[in-house]
Amino acid sequence: MIYSKQYYLDIFKVDTATLDRLVQEGLSRGGNYCDIFFENTSYGSLLLRDGAVTSGGNHIDYGVGIRVLAGEKTGYAYSESTSPADMLSCAKAAARIADAPSEVSPYGTGSPSRGEPNPNADRYPMATPWGDLRMDSFLPFLSSLEARIREKDRRIVKITVSLAFQVSDILMYNSFRELKWDTRPMGSVSATAVFSQNGKTENKSTSRSFRTGAEMLSDSLADEIASEVVKGIDSRFEAIRPKGGKMPVVMGAGASGILLHEAMGHAFEADFNRKGTSIFSDKMGQRVCSSGINIIDDATIPGARGSLNYDDEGVPGQKTYMVEDGILTSYLHDRISAAHYGVKSTGNGRRESFRYAPLPRMRTTYMESGTARAEDLVSSVKKGIYVDEFSNGQVKIGEGDFTFFVKSGFLIENGRLTAPVKDINIIGNGPRALADIEGVADDLAIDPGAWTCGKEQSAPVSCGIPTVLIRELTVGGVK
Amino acid sequence: MKLTANEISIAEYCRDFCLRSGADKVRVTLTKSLMDLTGILNGEIDKTARALDRSIQLAIFADGRFGTFSSNRLDKEGLEEFILKAISTVKMLEADPFRNLPAPERLAKDAASGNELELYDPHYESLESNWRRDFSLGTSIWARKESIENGFRIIAEEGEYSDSVFDSLTIDSQGLYARHMETSFEIGYEVTVEDKDGNRYSSYWWDASPLLKDLKAVDCAEKAALRAAAQIGPEGIGSGKYAVVVDAECASKLLTPVLNALGGYALQQKNSFLEGALEKKIFPEVLDIWDCPREKGQTGSRLFDSEGVGTRTAPIIEKGVVKQYFLNTYVAAKMGMEPTVEDATRVVVKPIGECKTADDLLAKVRDCIYVTGFNGGNSNTSTGNFSYGIEGFLVKDGKIVCPLREMLMTGDFITLWNSIFATADDARPCMSKLIPTLAFANVDISA
């Protein structure tokens, strides 16, 4: 949502003269770039447990962060007050970074976007702003969702349903005298059910999260979530831990994209490469996977959790090809890394809140569809694993080694999905797995779940992937 | 940077204003913290940050209903408006007869000054930005990296030093006044090295203490570098059942899910593999795990939990018997049980056997996999099954033979903990869970 400039200036009780004064103070000790990030976030939450919405709340987070750069060095301070005196104190504290010896080079590549934010280009308009509704207006949706889940499976013994929403008003100013503003909504619904069968217990959770207003709380959303929560629960009760070893892995479309995010996307973030810690730091312009494969990080998908009108440095959100036709073509840049590499920022400078300086972070990361059919990829595997739900991925950026927990999947035997599997890990190496992609199906799906990236700070992201066949990964199972 | 009298009066005003405005009961928690951080990249200052936070949290009970609220806007007028809206919101929720403040006799009565546990280091007040810069730079090994490089090259060194002060006050409408204050000093390094073939390996080391004199900062970066270099030349081994020694640095990965399974919400929601385990011998006779929250000057100590309930030294698992669930007032009422505390505060796994160090333990076990880190994986809270990526070393005749990679450790927690047969006595005091290096028999390893 993009309101008028004055709306934001009023919230933070500032004017452009004050902003210029703060920038001047920030640069007073020799820094060569300064930016100011204002945030006013209001949160709401409701929790349905044991059949009733008996817990809820509101939370407010308000403040301003001031950053000064001296070359690639960062000074940062923030205040929870936007009084001129408190902000000036922050600017002074951040300015001190320039006291440290540094090679100060002309900073940045100038202004990527001088115009004012355009409401017509808004990627997340709210038809029903969250703040326009009373909290009790959300209760029927939660109760309805719980009832829909309960009626789908008699083995359910517990259901928890929650709604969380937030609206962040953002105002940004910098020493290029660029003033940007944005209002970022986010609504998330999650549901967990615990099932009991013959003395065994299983649980399943699902979520939906979008940058949108309260109009997202529809009957169709409730139906979708209810169906998802019970989907595959029979398989979970029957699932086995398969025999471990190296074998082909077919990753199902959609949520498997988290592997792309963790195992490859982080290694493409420019700060890891600027510091020489990424395994891809000397691979720019080189082939990293088969021709025909494109890997993208995208801020432009309407309503997606990872979408942004502007990043947290005031750079317009955009679609960035990291891998094009199998060649590594771009890292994900914030202003610091863009200046380091002499390129334009890709609009990936993001932060958890005004309390943090921005870092290169992903938005919606996915692989474009290929030309294969998903069923053909499965049928091409004699013995392997099909995975449709991962969680708890972790990657070592330097080595590229990753491990992912498989929440659900199936054995592939002689080209057919057979026994369900669960509670196993898949381990591999990012560059090797990329190079080992043997087939990409034509069924790209962006997962609508509430994914949150935890690189030093939390940031909402989206991920997606078409069905993909990887020649060989290590699957941890029983002996 | 401690809470001021004026800030404390704001908390008291909020409590009273809630009661005047329709709340039946209320708990107010006021927190304030200040942190200064200095980042080092390859021997130079890379970033500095100063963070001052204040916020107020309200737990409001009204008409048999309950809600939680927080704001960092502490001006009186704004707070009044916020509280009125909060109470209005609470009254829109459904009634819940189990919501209540803790019984007064359970509340902490010995946390008046906030420094009863001696976690506040007065030296903090004299620290200045120049000292922070010099101290941080002094921990870097970049300028002398050639003296450390031995068959490898250090290609990146990234470190952070931070110091902070945290002060909180929790009061409620039945007379609770509980304050907790502590300083914290932390250092952490991540170092990436490259072998002669261009392969990269990275690792970390860190330390922390509430008291500056106890911070072990000098060798932090070097330890990180040596840990990274130790991974050079990994080999694979066959899948099978192995004795596994898990280093104290990462052993909490195996205990935290057990503690979570003893938590009230998991139990009440029937989502715990330890449901029905109270007072039953689930674990081996040799296993004693205690909550020791009241040790002076020790990381993680606290006199009260988030409800203001006084903590106490008590067994969690004693001679293999589960002695405690973690039940706050609400969950205990729903389960029809006696409340305890919200969560384990400072967990201590009592050593088993005579070994002092990890090396002693490796010499005792002789042939095993020595796990020094976990890489991904997960556990199932309902079943207790787990599967973790591990990194570490193959050990033969008590000596490290080679690093290992792409290995997984799988099993279920009850079986795993029943296979524990020895520990070292080397729990790291910088952690709030004091777990020594652990030795387990017959663990499934996939490689």
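Please keep in mind that the model is predicted. Chain A is divided into domain 1 (5-237) and domain 2 (245-476), and the assignment for chain B gives domain 1 (5-229) and domain 2 (240-446). The contact between the chains takes 63 residues from chain A and 57 residues from chain B.

**Domains of chain A**

- In chain A, the C-alpha centres of domain 1 and domain 2 lie 23 Å apart.
- Where these two domains of chain A meet, domain 1 contributes 40 residues and domain 2 contributes 32 residues.
- On the side of domain 1 of chain A that touches domain 2, at least two residues each come from β1 (33-49), β2, β3, β4, β5, β6 and α6 of chain A.
- Of these elements, β2(A) gives the most to that side of domain 1, with six residues.
- By class, the side of domain 1 of chain A that touches domain 2 of chain A has 13 nonpolar, 14 polar and 13 charged residues.

**Domains of chain B**

- For chain B, the distance between the C-alpha centres of domain 1 and domain 2 is 25 Å.
- The contact between them draws 24 residues from domain 1 of chain B and 17 residues from domain 2 of chain B.
- On the side of domain 1 of chain B that touches domain 2, β4 (153-172), β5 (177-194) and β6 (200-209) of chain B each supply at least two residues.
- The largest share of that side of domain 1 of chain B, three residues, belongs to β6(B).
- The residues of this side of domain 1 of chain B divide into twelve nonpolar, four polar and eight charged.

**Where chain A meets chain B**

- If you are tracing the side of chain A that touches chain B, look for the elements that give two or more residues: β2 (52-70), β3 (73-79), β4 (156-174), β6 (200-210), β14 (383-395), β15 (401-413), β17 (424-429) and β21 (468-476) of chain A.
- The largest share of the side of chain A that touches chain B comes from β2(A), with twelve residues.
- This side of chain A holds 21 nonpolar, 26 polar and 16 charged residues.
- Strand pairing also links the two chains: β3(A) and strand β2 (residues 44-62) of chain B pair in the parallel sense over five bridges.
- To find a pair of facing residues, go to A:Thr74, which stands opposite B:Lys47 in β2(B).

**Two helices of chain A**

- Helix α5 (residues 219-230) of chain A has twelve residues and reaches 17 Å from its first C-alpha to its last, close to the 16 Å expected at 1.5 Å a residue.
- The buried residues of α5(A) include A:Ala222, A:Ile225, A:Ala226, A:Val229 and A:Val230.
- After α5(A) comes A:Gly232, which has a positive phi near 80 degrees.
- Helix α7 (residues 257-268) of chain A is mostly covered, with twelve of its twelve residues buried.
- Among the buried residues of α7(A) are A:His261, A:Glu262 and A:His266, along with A:Leu259, A:Leu260 and A:Phe268.

**Open sheets in both chains**

- As a reminder, strands of a sheet pair through backbone hydrogen bonds, either parallel or antiparallel.
- In chain A, six strands form an open sheet with mixed pairing, in the order β10-β9-β8-β13-β20-β19.
- At the edges of this sheet stand β10 (327-328) and β19 (445-453) of chain A, each with a single partner strand, so one side of each is left without a neighbour in the sheet.
- Inside the chain A sheet, strand β8 (residues 295-298) and strand β13 (residues 364-367) pair in the antiparallel sense over four bridges.
- A:Ile296 has A:Tyr366 in β13(A) as its bridge partner.
- In chain B, an open sheet of five strands runs in the order β10-β9-β8-β11-β16, with mixed pairing.
- The edge strands of the chain B sheet are β10 (321-322) and β16 (433-434), and each pairs on one side only.
- Strand β8 (residues 289-291) and strand β9 (residues 314-318) of chain B are antiparallel partners over three bridges.
- B:Trp290 has B:Pro315 in β9(B) as its bridge partner.

Note on methods
Residues are numbered from 1 along each chain as its sequence is written. Chains are lettered from A and ligands numbered from 1 in the order in which they are written. This is a predicted model: local features need pLDDT of at least 70, side-chain atom pairs count only at pLDDT 80 or more; totals for chains, interfaces and linings use all residues. A residue is buried if 20 or more other C-beta atoms lie within 10 Å of its own, exposed if 12 or fewer, and partly exposed in between; C-beta atoms are placed from the backbone. Two strands pair if DSSP finds at least two bridges between them. Two residues are in contact if their C-beta atoms, placed from the backbone, lie within 7 Å. Ala, Val, Leu, Ile, Met, Phe, Trp, Tyr, Cys and Pro count as nonpolar, Asp, Glu, Lys and Arg as charged, and the others, Gly among them, as polar. Domain bounds come from an automatic or database domain assignment. The expected span of a helix is 1.5 Å times one less than its number of residues.
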